[in-house]
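I open this notebook to record what I looked up in one structure.

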Amino acid sequence: MKKIIINGRFLIHRVTGVERYAREILAELDTMVAPDEVILAIPPEIKESLIYHNIKVIKVGTLHNRMWEHISFPWYVHKKNGISLNLCNVAPLIEPGIVCIHDMKVKAHPEYFSWKFRMWYELLLKNETKRAKKIITVSEFSKSEIMKYYKVTSNKIVVIPNAWQHYERIEFNKNTLKKYDLEKEKYYFAMGSMEPNKNFEWIAKTALLNPTENFAVAGSINKKIFAEGLGFECPDNMHLLGYVTDEEAKTLMKECKAFVFPSFYEGFGIPPLEAISAGAKQIVVSDIPVMHEVFEDSAKYIDPHKPIILTEDYVKNNIENHDKVVKKYSWRTSAQKLCNLLRNTLK
C-alpha cells in the first residue's frame with residue numbers, strides 16, 4: 001500500500017505562518033494516523049529532535065535545502081512508491097503529489113518580488129497546479145485566487161484553514177510592558193515581518209495623524225533597515241520593538257488598546273486570530289476579502305491605503321462575537337480534514 005511521505009524541508013526555516021501551519025497540523029495528524037502510515041522525510045542538516053508517536057521521521061539523502069527538495073526527497077518518494085505531501089507552498093518538480101499553496105501573493109503583487117524569485121515561483125506554481133493530485137489552501141479567498149490565476153477546477157482544491165490553539169501553550173510575561181516602556185491599553189500593537197504587503201507604512205502615517213497615541217511594532221527589524229527598506233521614516237510615537245518572544249507577543253496583544261493588521265494581501269492572516277485568542281480588546285484589520293471571511297463582524301475594518309484619525313469611540317468597544325471566531329478554527333479539525341484527504345487519495 002502506498003504511504004504518504006511529508007516534505008520536511010520546512011524544518012530548516014524559522015517559524016512564520018507557513019511553518020506554523022505545517023508544525024501544528026502534523027502534531028494533530030500524528031494522533032489520527034496508524035504507526036508508519038505517514039513518514040516525515042527530513043534533510044540531513046536538521047538537528048531538531050522531533051517527537052511523534054505514529055508519524056515516522058527519517059533523514060533522507062545527502063543533499064541540502066532546495067537540492068534536497070527537488071532531488072533527494074522525490075527520489076525517496078519514488079523508491080518507497082509513496083505520495084508526497086508538501087505543506088509550505090513548494091513541491092518537488094518531478095513529484096508534486098499533494099501541495100498546500102497558502103496564497104497567490106507572487107501573482108497578485110509581483111512588484112514585491114525580484115524577477116528571479118518570480119520566475120522560479122512561476123515555474124513551481126505552474127507545475128504544482130497542473131500536476132499535483134490535490135491542492136490544499138487555507139481560505140476560500142485563496143482557493144478563488146488559485147482558480148483565477150491558474151484555471152484550476154474547484155474540486156481539485158481543498159480548504160484546510162489555519163488555527164490558533166498553539167497560543168494556549170504560551171504563557172503571559174508580566175514584565176513585558178515595563179521592558180518596552182508601554183502602559184496597559186495606552187498603545188496600538190502590530191506584529192509581522194518586513195514584507196511590503198504587511199503595510200507598516202499605514203501605521204507610520206496613522207501615527208503621524210495621531211501624535212498623542214503610541215504605536216508598537218514587533219518584528220525582526222531595526223529602524224535603519226525599516227526606513228530605508230520601505231521608503232519612509234518612523235515617527236517618534238511609532239516604536240520598533242524588534243524581535244519579541246512568544247510570551248511577550250501574547251502579552252502585548254492582550255494589553256494593547258487594539259491589535260492592528262493593515263496588510264494589503266493575505267492568504268489567511270494568523271496574527272489577528274492569535275490576538276483574539278490572547279484576549280485583545282479590539283482588532284483593526286484591512287478591508288480585504290479574506291479578512292471578512294475569517295473575522296466577519298468581530299473586527300474593525302480600515303482601508304489599507306488611507307491612514308485614519310483614531311478616536312476613543314473608534315476602539316472603545318471590545319471585540320464582539322469573540323467565541324464565534326475562535327470556534328470556527330481548530331488545528332485538530334484542520335488535521336482531521338487533512339487525514340480524510342490523505343486516506344481518500346490513497347484509495
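The entries below follow the order in which I looked things up.

**Entry 1: the model**

I note at the outset that this is a predicted model.

**Entry 2: the cavity**

I asked how many cavities of 30 Å³ or more the count gives. The count comes to one cavity. I recorded about 40 Å³ of space in the largest cavity.

I then looked up which residues line the largest cavity. Its lining consists of Ala-190, Met-191, Gly-192, Lys-198, Phe-200, Val-260, Phe-261, Pro-262 and Ser-263. I find that two strands, β8 (188-191) and β11 (258-261), each supply at least two residues of this lining. Sorted by class, the lining has six nonpolar, two polar and one charged residues.

**Entry 3: a pocket**

I turned to the second largest pocket, which holds about 190 Å³ of space. I listed Phe-10, Leu-11, Arg-23, Glu-24, Ala-27, Glu-48, Ser-49, Leu-50, Ile-51, Tyr-52 and Arg-169 as its lining residues. Six of the lining residues are nonpolar, one is polar and four are charged.

**Entry 4: the nonpolar cores**

I asked which residues of the largest nonpolar core touch the most other members. Phe-189 and Leu-338 do so, in a core of 89 residues. Helix α14 (residues 331-346) gives this core its largest share, seven residues.

I had already met Val-260 in the lining of the largest cavity.

I looked up Arg-20 and Glu-24, whose side chains meet in a salt bridge at 3.5 Å, N to O.

**Entry 5: salt bridges at Glu-296**

I next examined Lys-324 and Glu-296, which form a salt bridge at 3.3 Å, N to O. Lys-324 lies in helix α13 (residues 322-328) and Glu-296 in the loop between α11 (289-295) and β13 (300-302), so the pair ties together parts that are 28 residues apart in sequence. Lys-324 is partly exposed, at a relative accessible area of 36%. Glu-296 also counts as partly exposed, with 32% relative accessibility.

I found that Lys-328 forms a salt bridge with Glu-296 as well, with the closest N and O atoms 2.9 Å apart. This pair links distant parts of the chain, Lys-328 in helix α13 and Glu-296 in the loop between α11 and β13, 32 residues apart. I noted a relative accessible area of 31% for Lys-328, which is partly exposed.

**Entry 6: a network**

Lastly, I asked which residues are linked in a network of salt bridges. I recorded one such network, which links Lys-184, Glu-185, Lys-254, Glu-255 and Lys-281.

Note on methods: Residues are numbered from 1 along each chain as its sequence is written. This is a predicted model: local features need pLDDT of at least 70, side-chain atom pairs count only at pLDDT 80 or more; totals for chains, interfaces and linings use all residues. Side-chain values use heavy atoms; hydrogens and water are left out. On a 1 Å grid over the protein atoms alone, a cavity is a set of points where a 1.4 Å probe fits but cannot get out, and a pocket is an open set with protein on both sides within 12 Å along at least five of seven lines; lining residues have an atom within 4 Å of a point. Grid points are joined across faces, edges and corners, and a volume is the space filled by probe spheres set on the points. Helices (H or I, at least four residues) and strands (E, at least two) are DSSP runs, numbered from the N terminus. Ala, Val, Leu, Ile, Met, Phe, Trp, Tyr, Cys and Pro count as nonpolar, Asp, Glu, Lys and Arg as charged, and the others, Gly among them, as polar. A nonpolar core is a set of buried Ala, Val, Leu, Ile, Met, Phe, Trp, Tyr and Cys residues joined through side-chain atoms within 4.5 Å. Buried means under 20% relative accessible area, exposed over 50%, partly exposed in between (1.4 Å probe, protein chains only). A salt bridge is a side-chain nitrogen of Lys or Arg within 4 Å of a carboxyl oxygen of Asp or Glu.
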